[in-house]
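Welcome, and thanks for having your viewer ready. Let's take a short walk from one selection to the next.

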Amino acid sequence: MLRYLPFLLILAVWIFAFIDCLNTPENEVRKLPKLAWVIIVLLFGQVLIGPIAWFVAGRPRRNAPYGAVRKEERRWVAPDDNPDFLKSLGDGERDGGSPGAGPEEPRDPDRRGRDGGPEDTPPAG
């Protein structure tokens, strides 16, 4: 039974690569047309060259945010992965305000309230 194990593993990888290639949408296949990948997987499956080539070069990347090469593959998964978002957080804290609070109106240092602090309400008149 153990002597059949390598053959069964090769057959399992071959079948998995073939089914994966068939189920992948045409517009997501990389490097070659889908029909070419199906032929490569079928012809070179016994020596695992076809399935390995499919997994390395033809199969669409599932982790596109981190390994994306083309612009249309790039997307942000979470806000903390987006450098523009992180930069906007840093800008809000540097100004002294909370992020997203909006700009505050400048206060006139000459205007004082009853307690000597800045006046909250404009003078009447």
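Start with threonine 24, which is buried, with a relative accessible area of 3% (buried means under 20%, exposed over 50% and partly exposed in between, with a 1.4 Å probe and protein chains only). Before moving on, note that this is a predicted model, where local features need pLDDT of at least 70, side-chain atom pairs count only at pLDDT 80 or more, and totals for chains, interfaces and linings use all residues. Residues are numbered from 1 along each chain as its sequence is written, and side-chain values use heavy atoms, leaving out hydrogens and water.

Threonine 24 sits in the loop between helix 1 and helix 2 (helices are DSSP runs of H or I, at least four residues, numbered from the N terminus). Now show its neighbours: leaving aside residues up to four places away in sequence, threonine 24 touches Val29, Lys34, Trp54 and Pro60 (contact means heavy atoms within 4.5 Å).

Next, select helix 2, residues 34–43. Which of its residues are buried? They are Lys34, Trp37, Val38 and Val41. Look down the axis of helix 2: these buried residues fall within an arc of 100°, so they line one face of the helix (the arc is that of the directions from the helix axis to the C-beta atoms). They pack against helix 1 (5–23) and helix 3 (49–58). Turn to the other side of helix 2 to find Leu35 and Leu43 exposed.

Finish in helix 1 by selecting phenylalanine 7. Phenylalanine 7 is exposed, with a relative accessible area of 53%.

Definitions and conventions: Helices (H or I, at least four residues) and strands (E, at least two) are DSSP runs, numbered from the N terminus.
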